[in-house]
Amino acid sequence: MAYPTKLDHKFIEQTLIIPSSTTSISLPLTFLDLPLAGPIYVKRQFFYRFPHTTDYFYKTTLPSLKHSLSLTLQYFSPLAGNLISPPPPNKPYIICTQKDSVVFTIIESLGNFNHLSANNHSKNIKDFNHLVQKLTHKTTLDHNDIENNTFIFPLLTLQASIFPNHGLCIAITYCHVMDDNCCNHFMKTWSFIHGNCEVVDLKSSPCFDRNILKDPKGLENVFLRDYFEERKTWKNKLIGKTQTQVTEEKHQDYFKATIDFGKEEIERMKRWALNQWKENDHETKPPQFLSKFVVTCGFIWSSLVKTRYRNDNDDDEKEEYFRFAGDCRDRLGYTIPKGYFGNCLTLCHATAKRKDLKGEDGFVNAVKVIERAVNEMKNEPFKDATEWRETFKKMYEFGSVLLVTGSPKFNVYEIDFGFGKPVKVEMMHSFKCMSIAESGDKEGGLEVGLVFKSGEFEYFCSVIEQGLETFKF
């Protein structure tokens, strides 16, 4: 195989994978897809032990990966298509024709597999860039004429990166016309078919029926209005970055690290938070139970604020926002099929003063507001939906935001292509995000991925260690 070499990898090939059975399909977006429609991409990487040469992978494993992917796309055919975003007042929609396909890129990585797939130490974000393919949008008219352009967004791209004699990374990048639940469904289907090497009867086939979701509050009109407003901001997101952004990225290194919490550590967090709540707050009745999501997120959020603003006393009155998505599949009052394809999420947030998160009771204060936001979501999933866009604009303009991606309930470490379970599942995201998943190493635990600026990670670890020691008493 002859292929060009870059500093961090060697290109092997790029293939267009066509669904094994192709039919044209057009899908309108539902009202719950609209808040996430456009240039919003999710990137996830699955690292597997694979002690074989590149040549072995190319001749034996790659053909079956391609074949099983084609069979999988037979079930998930819309993912081979595009999101079409025409100018207002036309609504966006998904279309897949018999000519459409998914780009599957194969490289040989020259990176250190053990380093990139390890927890509890920081890795430069740049070291991951060659492992993830980007989705590239298209436009039908002048790049500067945003109002009259029709944007075309491919929905899915995949990449396999072989680390000779060490490992394999399978990466997925997808447009947010489906949520994490659907992505998980797709990846588990692909890995299952790959393991069986044939078309099989799936326990749960994807469901594309757009009449399943009901919109009794008329939120589609609100979300469509917000979508058209957001569309006006795409010029900077798609056409080019400002000089300030380019300068900041050029001179700033960011580092990704995963913090792994065991079941017992999380149980201590719960006991500590509830005890402190009971002892010190006589106005708000504490719940009988705290979830591991609430206490882990509260601990991370407060620790991150203490880290990033440890020398900042002037803005302690500033608002800190914690944003997360809530799965609505069991909260709408009617049945949503297990394999429903699309977004079925509500957008939630918690708010606290920076000084209240930095102080001695920062962890408990964070737990209280996150717990309140979770309960509000459970009781009334779309309570403030008409104000989502204005609320989120306010967050970014006047406060500081931490946005949750991923979920601990999807069991991503069960996605086995026949190489064993992943040694690491990584999400690529920005400095303002945290990713969360079940622990790959500690049963009943959680792992949290964060992005740090240079020098932050070490201080953050000391804050975490101090907190975990406190919870022992």
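This talk walks through one predicted model, element by element.

Some ground rules. Local features here need pLDDT of at least 70 and side-chain atom pairs count only at pLDDT 80 or more, while totals for chains, interfaces and linings use all residues. Residues are numbered from 1 along each chain as its sequence is written, and side-chain values use heavy atoms, with hydrogens and water left out.

Let's start with helix H10. H10 covers residues 362–379, which is 18 residues. The expected span is 1.5 Å times one less than the number of residues. That gives 26 Å, and the end C-alpha atoms of H10 are 26 Å apart, so the two agree.

Which residues of H10 are buried? Buried means under 20% relative accessible area, exposed means over 50%, and partly exposed is in between, with a 1.4 Å probe and protein chains only. The buried residues of H10 include Phe363, Val364, Val367, Ile370, Val374 and Met377. Lys368 and Glu371 are on that list too. Here is a general point: an α-helix has 3.6 residues a turn, so residues three or four places apart point the same way.

What covers the buried part of H10? Contact means heavy atoms within 4.5 Å. The cover includes helices H7 (263–280), H8 (292–308) and H9 (354–358), plus strands E13 (319–327) and E14 (345–353).

Now take H7 and H8 as a pair. They pack at an angle of about 85°, with axes 9 Å apart. Axes are lines fitted to C-alpha atoms, for helices over the stretch in contact, and angles run from 0 to 180 degrees between N-to-C directions. Angles under 35 degrees count as roughly parallel, over 145 as roughly antiparallel, 65 to 115 as roughly perpendicular and the rest as oblique. H7 and H8 are therefore roughly perpendicular to each other. H7 brings Ile266, Met269 and Lys270 to the contact, and H8 brings Lys292, Val295, Thr296 and Phe299. By class, that is 4 nonpolar, 1 polar and 2 charged. Ala, Val, Leu, Ile, Met, Phe, Trp, Tyr, Cys and Pro count as nonpolar, Asp, Glu, Lys and Arg as charged, and the others, Gly among them, as polar.

Next, a sheet. Strands of a sheet pair through backbone hydrogen bonds, either parallel or antiparallel. For us, two strands pair if DSSP finds at least two bridges between them. In this open sheet, 5 strands run in the order E2-E5-E4-E9-E8, with antiparallel pairing. E2 (25–28) and E8 (138–139) stand at the edges with a single partner strand each, so one side of each has no neighbour in the sheet.

Look at E5. E2 joins E5 through 4 bridges, and E4 joins E5 through 3. Ile94 in E5 is the bridge partner of Leu27. Ile94 is also the bridge partner of Leu83. The covered face of E5 holds Ile94 and Cys96, and the uncovered one holds Tyr93 and Ile95. On to E4 (82–85) and E9 (151–154): they pair over 4 bridges, and Asn82 has Pro154 as its partner in E9.

Strand E16 comes next. All 5 of its 5 residues, 424–428, are buried, so E16 is largely enclosed by the rest of the structure. Lys424, Glu426 and Met428 take one face, Val425 and Met427 the other, and both faces are covered. E16 pairs with E3 (41–49), antiparallel, over 5 bridges. Phe47 meets Lys424 there as bridge partner.

Now the backbone. Most residues other than glycine have a negative phi, and most peptide bonds are trans. Pro88 and Pro89 are joined by a cis peptide bond, with omega about 10°. Pro89 lies in the loop between E4 and E5 (93–96). Asn120 has a positive phi, near 60°. Asn120 sits in the loop between H2 (113–116) and E7 (123–124). Asn165 has phi near 65°, in the loop between E10 (156–163) and E11 (167–175).

Last, two single residues. Is Thr61 buried or exposed? Thr61 is buried, at 7% relative accessible area. Leaving out residues up to four places away in sequence, Thr61 touches Phe50, Tyr56, His194 and Phe419. Lys442 is partly exposed, at 33%. Lys442 lies in the loop between E17 (433–438) and E18 (446–453).

Key:
Helices (H or I, at least four residues) and strands (E, at least two) are DSSP runs, numbered from the N terminus.
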